[in-house]
Each structure stands twice: as C-alpha cells, then as structure tokens.
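I opened this notebook to keep track of what I looked up, side chain by side chain.

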Amino acid sequence: MMPEREPILYVEPLPSSRQWVSQNLAISRTKAVTYVQSLFPIFTWIYRYNWTWFLGDMVAGVTVGVVVIPQGMAYAKLAQLPPEFGLYSSFVGCALYFMFATSKDITIGPVAVMSTLMGNILHDVLPHLPQYKDTPWVIAGCMSLVLGCIVTALGLLRLGFIVDFIPLPAIAAFMTGSALNIAMGQIPTLMGNNSVKGFNTRDPTYLVFGNFFKYIKHCNLNAAVGLTSLFLLYAIRAGCKYSARRWPKREKLFFFISTLRTAFVILLYTLISFLVNRNHRTSPKFSILGVVPRGFKHMQVPTVNSDILSAVAGKLPSAIIVLIIEHISISKSFGRINNYTINPNQELIAIGITNIFGPFFGAYPATGSFSRTAIKSKAGVRTPLAGVITACIVVIAIYALPPVFFYISNALLAAVIIHAVGDLVSTPTAIKMFWRISPFEFVIFWAGVLVSVFSSIDNGIYTTVAASAALLLFRIAKAQGKFVGTVRVVYDQPLAATSSYPESRDIFVPLDHSDGSNPSVTPQHPQGGIFIYRLNEGYLYPNAVYFTDHMTAEVTARTRPGVANPYGSLGNRPWNDPGPRHKDDADVDMSLPVLRAIILDFNGVSNVDITSIQNLVDVRQQLDRYADRAVSWHFAGVKSPWIRRALVAGGFGSSNAATRTVFSVATVGALEHKGDQLLSDVKNANSQGRLLSDEEFISDSFTSTQDKPGVANSTSFDTLNLPILSTDHPFFHIDLDEALKAAKLESDIVLKK
C-alpha cells in the first residue's frame, strides 16, 4: 500500500511580448543565412544536375520554344505593341526565371490576359501622353519596371500570403471574363472587318459583339484564312485526343503532335501567304504581319518619369493582381499535380526580377502562362533549367526568322489567340460545382464575368475581389455560436461478428441539430443553470457582439433573474424594461433555474483581441447583475497561451473564491522508492513553469536500488499524476467534458452552502 501523494501543482508561464519578439522578429545569423539562401533556390539542385535531367529539359525546352514564338508575337499585338516585343518578353522570362524558381513547370512570358490589360492601359493613357504615341513600348517598359519592383518587394517582405485572400471563384471569373473579352476582340481581326472606321475592338465585349455584326458586310479574304486555320487547330487537337485514347501506347507521340499544332498551322499558312503575297508585298491580298526587325533593336535603359507614373498609377493595382494571381495559381496547381511544393514568396521574387530586367531588353510585363506551362509539364520537364533552352530557341528566332515572320497572317495570329484563350473559360462542370458548394460564390463568379463583359477586365477584377472580401467579412461578422448538449454514445462495429459496447462517452452536439446530426437523437441540456456555448469562428471585434448577443438572449430566455425586481423603486427601473408595473416573484417563472455557470467552447477560436475580451467582460457584468450572483465562466479547449493570457488579463480563468474541483492529469510511472526524488524534481520544475529534462527523469527513475534492502530491481512501480493545464487557473479546461463536470461540482458546492 503506497502512501497517498500530495497533489502536484503546475503553473503555466504566460507568454510575454519579449518572448514573441525573440521568436518571430529577432534576426539571428542562422535565420539571415537561411533567408539569403532561399532567394536562390537553384543552389539546392544545380549541383545534382545530370544527363537524364538534361534530356528531359531539352525536349520540354524546345517544345515550349516552338510554341512561345508565335504566341509571343500574337500577344504583343494584343498589347498594342509591335510583334518583336513579344519575342523580347519571351526571351527574358525564360532566361532569368530558372535562377529564382521553385517550380519546374512554370513558363514566364507574355500572356493573353496581361497583354490585353497592357493594351487597354496604353489605349487609355496614350491620349494624355502624346509624346509617346510612336513609342508606346516606353510606357510598357516603365510599367514593367514599376510592377517588378512592387512584386519583388512583396516577395522579399514575405507577403505572398496575400494571394490566399483571392478565392478560386474570383480567379475563375477573372479568367473566364478575360477569355471572353480577348476572344471577342480578336474575332473582327479573324474575319477582316476590324479595320472599318469607327470599329474599336477595345470597347467592352458586348459593344464589340454588336459592332461585329453591324460591320459584318466588310469581312474579306482574311476570314477564309482565319476560320480555316482556327478549324484546323481544333481539328488537330481533337484528332490527337481521340487517337491517344484509341492507341494509348502512342499517347506520347500524339501529345507532341498536338503540342506542335500551332507551329505546324503557322508554317502551313505562312507558306500559303508567301505564295499569295510574294508579288504583292506592298499591298497584300490579306493582312500580314509585315517587317519584324532582326535582333534586339530596342535594348535601352527604361524611361521612368513623373508623367508616365502619374498616368499609369491608377492602373497598377489591377496589373499587380493579374501578375500575381495568374502566376501563383498556375504554379500551385502544377505543383500539386506533380507532387512538389512551391514557395509563393520566392515566386513573387522570380516574376518581379523578370519584370525589372525585362525592359532593358525591350520586354513588357510578363507572368506565368497556363498553356505553355501545361505543355512544358506534359513534355517531361525535369528542372527549371529548361527555360534557358527555350530562351535559346527564341534568340534563334529573333535573329534567323524575321524574313519568315513578314508573311504571317494577322488573321492567323487572331486564330492562335482565340484557340489559346478558349481553355481559360470555366467549364460547365466547374460552374455547377461552384453552385453546389457555395451559391454565394456562384453569384460572385457570374458578377465578375458580367462586369468583365459589359465593362472591362479591370473592373471585373475589382468586382470579384471586393465581393469576395465583403463575403468573407460578412461570414466573420455574422458567425453564430451554438448551444450544445450531451449525448451518451458507444462504439458500434456493424461488420464485427458480435456487437459489444465495452465503453461509452459523452459527446457534445448542437441542441438545434444545425450540424446535421440525427434529429431523432435529442441532446441533453445541462441542468442547474449551466449553459455550454460553442464559438465556431475566431472571436474578434467584427463578430464579438454578434456572438454574445445571441448567447445572452438565449441564456436570459432559459433562466429566471436572481431577484424579481432588482431596481427597487419604480424610478430606478430602466425605461426599456418590459413587464408589469410592479414586479414581484409572482411575475417570474420559478420553474426556470437561476443562471450559475457558462461554459465557452474555444476549440474553434484561434485569436482574440481587445474588443472581444472587453465585450466578454461587459457581458459577464451584465449577467452577474441579472443572476444577482457571480456567474462562473469556464473555458474549454483554449488552444493558445496568448488567448489564455488575454482571458486572464480580462479577469477570467480564476476567481477569489474558486478552487479547481475537477482537472485532467496525465499518469507518469516512476520506480518504487525512487519516486520521492522524482516527485521532488517534478514539483520544482512544475512550480517554475518548465519541463523536467530527460536527464533529470532518467537519473531520478533508473538509478540502481541495490543498496536498499528489500527493494526489488525494476519490478514495483509508483505513479505520478501530472496536471495538463496550469493549476492556478481552475476555469481553463482541457475539454468540454472536464468543464461540465467542474461546473456541476462547483454548482453543487454552492447549493450546499
């Protein structure tokens, strides 16, 4: 029979501001070195580069290079720039990204959405900057440099988490609306009636749609080139998909055929254009690209002045959003597909550096491309170094192929753009999923699409981002807690040969079954004026009042006041207190209990703030007056020491008259007769708010006992019960079960008194 042990106390040291600063803001040499190394991820893998990786990168790099050349020139036309600027942007994006990349698949370069946005910006600001009418790339270069600096700063400051505030429906709406805007803007070029006086393809999508049919009689031979090339692009892709399913062993072959369809169609129609227009270079039969200068003819230091900055300042937010969300969403998506994780902060640095150095080569703003990234991934890319190979292909094209570019049809480039952006439109299956998951976000999706169609891409972006932020704030502000009750459950094993119920336990479910629990199972409401209230969101200033108003209204409806008329005379009674003129006990429902304890389930609370704690203090005072006694406040599942510190600062967690009646302990084994030393060390460590070290525990528990007569070696054990939570705050509990037992026992003690 072992002697009874006195209880062991554990005092939790509350966190301090100095501790937080040292853990989160203090810069050590190790942190500084790690931070600098993280800026250049290439050094984590380049020393392991091998021939197998090189072969995969070579195939992927060449494949993407063949695709990016026609796409780059086509997208430059969207940006209201000469086609060579698309090649410059393609080169810089591919050449620089590999040094800062955390994604092997992403390809940086000109993209349809950013190019269209850049074209809209130039269309809006050039009337105010007539000196750049003949050199719009100066404005584009300034934009690229400014955007690059801003995005790089976001990455260096580790603010990549901002991207997470833009939800999927907003991104899908932006991509869908942009795709419709771009495609509709290219149809007139495809059909040849875009040159009609008064027809502005930069108008809102619905106006372009209407004007296209208004001027449809002006369509010409360009329509034959554009429609047939667009049909051929889709026919080759559909044929390759069918063939890959029909002959799965040759799937890789059909993939490359499908990937190179754009290059094949451009070569085919460029040959046709050469045969038709070789004797009509000054007045071609259909619109062609014309002269493309050889080499980097626009290398220069970017021009940055107050005139340009003031003109484009209002356009920067939408451009930043496009740069970030398109790149980060694509890189994250392909990272999940190929089983690796990207670093959003580092990706921001990568696209920032690309856009900073791009203007020196004549590039305009560039970001990650979905179509080329998909091609690169499927082509078997192994490392980010594949981008360098793509850059080499682009350089060859810049110096060797300008004579060929002369005969490329503008209608053909429009077909390439329409074909590329078609994949950006959300599928009916995805839109249906939005409705099934969240009807509110379904509405936001369509709002973004409609604003993009009837206004502009910029306004579509702002609409979806603002609506998503408003929905988030509304959900936080209107988060409603739930009163829960207990249900006794046992474990059932339907597939077992015999059913047995060796143990049972209490679970806590909402009294109104709002969680979808079986309505035939009735939770038991705690008796004796005890209420359990579950907070399902962070308890912060936007929702603090909403939480407590709901809780207070329900508590006062289910209890009776401690005193029928606490105000005494009629003159002291508040004007808004309803009821009979002179209240007495006959006016109170005596079958209702008096409020004694409130248990708050903080398992879902990750943060609190000053406003929410003060609101809790105010409600405590209000309910104390209502019950005419000090109501006990118990907290279960408080996850953070900082939340406990805030609650303690508000006067919660303990009281002058309270002692812990029920608390959870962990059982620790200690060898007999050595438990005294271990017990002493554990007490000292717990009272200091620290853990017993492994060396102390082993020394106390496993020292030889041979010198003690009558003691068996390692055969008899004593037990130590160590508290899980701090013993100086008896109203903080490990779970609801402990909190309810403590509240009931305390209530019984009070009633006996």
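Predicted model: local features only at pLDDT ≥ 70, side-chain atom pairs only at ≥ 80, totals over all residues.

I found the charged end of Arg48 over the ring of Tyr47, at 5.6 Å from the ring centre. I also noted Arg281, which lies over the face of Phe406 with 4.0 Å to the centre of that ring.

I then turned to the aromatic rings, for which the search returned a count of 35 aromatic pairs. One that I looked up in detail is the pair of Trp633 and Phe652, which is edge-to-face, with 5.9 Å centre to centre and 70° between the planes. I placed Trp633 in strand E7 (residues 632–636) and Phe652 in the loop between helix H24 (641–649) and strand E8 (665–671), so this pair ties together parts that are 19 residues apart in sequence. When I checked accessibility, I found Trp633 buried and Phe652 buried as well.

I also wrote down one aromatic cluster, formed by Phe85, Tyr88, Phe91, Trp137, Phe296, Phe361 and Tyr399.

My last entry concerns the cysteines. How many disulfides does a search of the whole structure find? I recorded zero disulfides. For Cys142, which is in no disulfide, I noted that the nearest cysteine sulfur belongs to Cys149 and is 9.8 Å away, whereas a disulfide would need the two sulfur atoms within 2.5 Å.

Conventions. Residues numbered from 1 in each chain as written. Heavy atoms only, no water. Phe/Tyr/Trp six-rings, centres within 6.5 Å; stacked < 30°, edge-to-face > 60°. Helix = DSSP H or I, 4+ residues; strand = E, 2+ residues; numbered from the N terminus. Buried < 20%, exposed > 50% of the residue type's maximum accessible area, 1.4 Å probe, protein only. Lys NZ or Arg CZ within 6 Å of the ring centre and 35° of its normal.
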